[in-house]
Amino acid sequence: FFLRIRRPPGSPPFPSPTLFRSPAWTRALKAAAIISSPRFQGSAIWLSASAGPVRDAWLKHVETLLEPGKRLARLPNNMPSSRLERSLDLEASLVAGRPVYEDGLLVVHQGNILVLPMAERLPPMLTGKLAQALDNGTAPTLVFLCEADEHEDGIPKALAERCTTKLDLNTV
């Protein structure tokens with residue numbers, strides 16, 4: 001069953017945030033306003049939602065609420081955990097003839113919102129580094145996207161314990 005919605009020319013390819021009417025969506029819009037605030041930096045939110053227009057509309061809404069110069073950035077869950085922290089750049093070190101370090105993604109994206117899709121499948125080492133960054137306040141705002149159904153556990157427990165909010169958009 002597919003419902004086709006006719007959109008006027010030039011309208012965005014995602015549904016308007018006001019299109020959905022449900023308590024879960026209202027709560028999600030309030031959470032979007034909170035996490036887009038600079039005071040929320042260093043915290044995490046767990047968003048349980050299947051890939052689709054509802055999740056895309058929520059992420060787009062968060063993006064519109066961010067201050068100028070701030071953005072949403074996606075991190076792949078198969079990224080090596082060493083990329084999160086400051087590390088030695090081997091190629092640049094060989095060229096320079098001295099150790100050259102590059103900042104990790106947690107430092108590069110400070111002030112932005114990092115979105116981690118398929119967070120239920122994060123490797124243990126990456127999970128541990130993210131949990132540690134949340135504990136010591138060096139993490140930017142993190143949004144864990146979870147596509148697990150009711151028979152799966154969801155995001156790793158170490159991250160679930162550190163999330164300030166859990167949103168479930170599967171009912172919207």
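**Exercise 1.** How many bridges join E5 to E6, and how do these strands run?

*Solution.* Start with the pair itself: E5 and E6 run parallel and are joined by 4 bridges. Strands (E, at least two residues) and helices (H or I, at least four) are DSSP runs numbered from the N terminus, and two strands pair if DSSP finds at least two bridges between them. Next, find a residue: Leu116 stands opposite Phe144 in E6.

A note before going on: this is a predicted model, where local features need pLDDT of at least 70 and side-chain atom pairs count only at pLDDT 80 or more, while totals for chains, interfaces and linings use all residues. Residues are numbered from 1 along each chain as its sequence is written, and side-chain values use heavy atoms, leaving out hydrogens and water.

**Exercise 2.** Work out the strand order of the open sheet, and say which strands stand at the edges.

*Solution.* First, the 5 strands follow the order E2-E5-E6-E1-E7, with parallel pairing. Then look at the ends: E2 and E7 each have a single partner strand, so one side of each lacks a neighbour in the sheet.

**Exercise 3.** Does the span of H2 agree or disagree with its number of residues?

*Solution.* Helix H2 covers residues 53–65, which is 13 residues. The expected span is 1.5 Å times one less than the number of residues, so H2 should span 18 Å. Its end C-alpha atoms are 18 Å apart, which agrees.

**Exercise 4.** Which residues of H2 are buried?

*Solution.* Buried means under 20% relative accessible area, with exposed over 50% and partly exposed in between (1.4 Å probe, protein chains only). In H2, Val54, Arg55, Ala57, Trp58, Leu59, His61 and Val62 are buried.
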